[in-house]
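Please load the model in a viewer and keep the selection panel open. The stops below say what to select next and what is found there.

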Amino acid sequence: MPDRDRGGHFYSGLQHRPIAGCTTPSLSHNAGSSAAASAGIAQTEKSMFQFLFDVLIRSVDLALIAVALSAVYSLIKFPNVALVQYAVVGAFVAMSLHAAGLPLLVAGFASALFVGLLAVVFNILIFERLLKSDSAIALIGSLALSMILSAVFLLAYGPTAYRFKLQVSPAMRILGARITDHQVTTLVLTTVALGLFALILFRTSLGREMRATATNGVLAAATGIDTRRVTNIVVFLSGMLAALGGITLAMRGSVSIDLGTNMMLPVFAAAILGGLGNALGAVVGAIVIAAAETVITNTNIGPFIGEDFYFLPASYAPVASFAILVVFLLFRPRGLFTSEVNRV
Amino acid sequence: MKKIAIGATFAAVFAGLVATAPVRAEDITIGAVIPLSGASATTGKDQSRGIELAVKEINANGGVLGKQLKVLVEDSGGKPQTAIDAAKKLVSVDKVPIVIGEYSSGNTIPLGQYLVQEGMPHINPASTSGLVRGIGATSYSVVGLDNVSTEFAAQDVIDHGWKKVAVLAMNNAFGQGVAEEFKKHFTAKGGEVATTVMYTIGQSTYRRELQQVEAAAPDAYVFTAYGTEGALIMQEAFELGLQEGKPWYSILITMMNKDTPADFKAGLIGMDVGYIGEGGDAYKTEYEKTYGETFLSAYGGYAHDAVLFAAAALNKAGSTDKAAVLKAIEDLGKEGLKGATGEIKLDADGQRTHQPYLKFKVEGENLVAYD
């Protein structure tokens, strides 16, 4: 059944080539493996597509929330930690509406609108006031709000995980990679959402006002831009993006109250990598983080330790985010691309 | 509404007072700490029923040391600290000679450690983690631990003709124990565990772990999972095509079966602890007659047997003196005692040597026991 073992050893394939007698140069002298020795070139290609696809899907997990974080940062100059919890609110509200009988699309859209409004309310009630003191105080305030939201979820939903009641069918196979319906939906939704966001940012007068406010708020105000209104519109959009991020995650798995906390580190790493404040740079950051995580979890390190198969636990994936985050904060605190941000 | 709430509070407090009313001097009292509230409250209710039936049965047969037996039941709330506080009260205020408790290994272990510190006899009626074995000298289990359950599972998997399996278990005390012990027994029986993947609980997806086990190309997948996590694992295995032509085997299948929709578990088989053992029919009849329904969980019978065991030990000791009771428990463990869950014998560490398990297969939504 060689068709079976294509799951995660794109890299392991390299280790086994000497055994399989293929023509590629040998990268390893370890010959301790037998079961996966059948991995030939075709097999490796299939694994590679699966690997690339895993990276793509993981990027999508992170991209929406990271873009939201970065976009808000560009205007209010502090990273709003509570954004990851907005994603959880979005998922829970959409699930409740869906369970109440609304079609998924309507439930998702209504939930995104709701979370967008909620983000604006929190911004006006809490963050505008805190920002008058200092951005560091606003950051701590957002951490506090994040914890409060987490406690509210615990009271309202309890510690168990919830899923959408959706039709689930076996994955399609495209170029050897397995792709499920909901993953396709997620890809489409994310692309459309990010595309719309980019359009607003670069092709509308509102976008011009946003960019002007982000670059120099005082000057923007002086030219007659209502910066408060612009900020709240961006906060609204960021809430919608975060909610959409949470909903698409929930469509492909389950959501429990820990989701926000679990997403915080990789999302921050992606946003910082892309250069905080550079909204679409966060997409590239998400791809880099996703690739690093997937290398960690999909690489068979068994041959190095004398076993056929040994994978690092998937819970080690955040190590990738941590390592990349530390390296970037040390050497390129402005992220991959230069931006107007001076510190993070 | 508020009035009702206040009334209910008073009623609850009053009920609490009645339940913990001073013990009559002529009674022999032992203690039990079980989860009457919290996430495992249903199991706790079943345990308290098992205890109630055991007390009725013992007192109908002459009681303990010529007196009536009474069991003081305390609520652990499903939390380790509450469980320990309850045990402290039982030991220092009520001065009980034996404490039974709790349900989940995470609570039973600290509870047991406190009792061992005090030199008190502790009987574990439910927890199966291998770590329970290390609680200490005065701790005993009337339920078989991982080593017993995984041996049964390993034999069952081998009997199905699956020689090379991949194991998927949660990364906590329970899952680690299951994975290690299963590998030990399965290898000893001539099977091969191609890979073991430990997953962190509470994730929003298990695709990564599933792709990792799939890479080993096993004959079958063996896993253990709690409720909704098991459901998600089965759903994603279905989506990834890991269920196509490959059997899935669940260790302690009742933990996850109810939460998993029928579509994602077609053909799933597994095992779990037996509700009752040989000679347990009388208990089953009595239970259904008293409570008008079938067992709420598998653990009422074990709580019932914990009380039977404690009572028999006290009778054997001839007093409630600690040293005498401990000696009696050791002796009784060697001789064996017939309970609702079959014959209870303890090994040198005071852990049950064998116990009934059931093989289950999924039919639609439901589990069906088979031979």
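Select His122(B) and Ser139(B): the two stand opposite each other, Ser139(B) being in β5(B). This is a predicted model, in which local features need pLDDT of at least 70 and side-chain atom pairs count only at pLDDT 80 or more, while totals for chains, interfaces and linings use all residues. Residues are numbered from 1 along each chain as its sequence is written, and chains are lettered from A and ligands numbered from 1 in the order in which they are written.

Helices (H or I, at least four residues) and strands (E, at least two) are DSSP runs, numbered from the N terminus; two strands pair if DSSP finds at least two bridges between them.

Now show the whole sheet, which is open and has five strands in the order β2-β1-β3-β4-β5 (chain B), with parallel pairing. Which strands stand at its edges? They are β2 (69-75) and β5 (139-141) of chain B; each has a single partner strand, so one side of each is left without a neighbour in the sheet. From one strand to the next, the twist averages 25°. Axes here are lines fitted to C-alpha atoms, for helices over the stretch in contact, and angles run from 0 to 180 degrees between N-to-C directions.

Next, select Gly101(B) and Glu102(B), which are joined by a cis peptide bond with omega of about -15°. Glu102(B) belongs to the loop between β3 (99-101) and α4 (105-117) of chain B.

**The seven-stranded sheet of chain B**

Move to the open sheet of seven strands, ordered β7-β6-β8-β9-β10-β13-β14 (chain B), where the pairing is mixed. At its edges are β7 (192-199) and β14 (366-370) of chain B, each pairing on one side only. Neighbouring strands of this sheet are turned by 25° against each other on average, direction ignored.

Within this sheet, select strand β8 (residues 220-223) of chain B, which pairs with β9(B) in the parallel sense over three bridges. Phe223(B) has Ser250(B) in β9(B) as its bridge partner. Strand β9 of chain B (residues 248-251) is in turn joined by three bridges to β10(B), and the two run parallel; Tyr249(B) stands opposite Ile269(B) in β10(B).

Is strand β10 (residues 269-273) of chain B mostly covered or mostly open? Mostly covered: five of its five residues are buried. A residue is buried if 20 or more other C-beta atoms lie within 10 Å of its own, exposed if 12 or fewer, and partly exposed in between, with C-beta atoms placed from the backbone. With strand β13 (residues 357-363) of chain B, β10(B) pairs in the antiparallel sense over five bridges, and Val273(B) stands opposite Tyr357(B) in β13(B).

Then select Ala217(B), in the loop between α7 (207-214) and β8 of chain B. Ala217(B) has a positive phi of about 45° although it is not a glycine. With 23 other C-beta atoms within 10 Å, Ala217(B) is buried.

**Chain B as a whole**

Zoom out to chain B, which has 11 helices and 14 strands. Its C-alpha atoms fill a box of roughly 65 × 55 × 40 Å, taken along the principal axes. Buried residues make up 54% of the 371 residues in chain B.

Select helix α6 (residues 181-203) of chain A, whose end C-alpha atoms are 32 Å apart. Residues buried in α6(A) include His182(A), Thr186(A), Thr190(A), Phe197(A) and Leu201(A).

Proceed to Lys77(A), in the loop between α2 (41-76) and α3 (83-99) of chain A. Lys77(A) has a positive phi of about 60° although it is not a glycine, and is partly exposed, with 18 other C-beta atoms within 10 Å.

Finally, display both chains: 33 residues of chain A are in contact with 27 residues of chain B, contact meaning that the C-beta atoms of two residues, placed from the backbone, lie within 7 Å. On the side of chain A that touches chain B, the elements giving two or more residues are α9 (227-252) and α11 (281-298) of chain A.

Methods:
Expected span 1.5 Å × (residues − 1).
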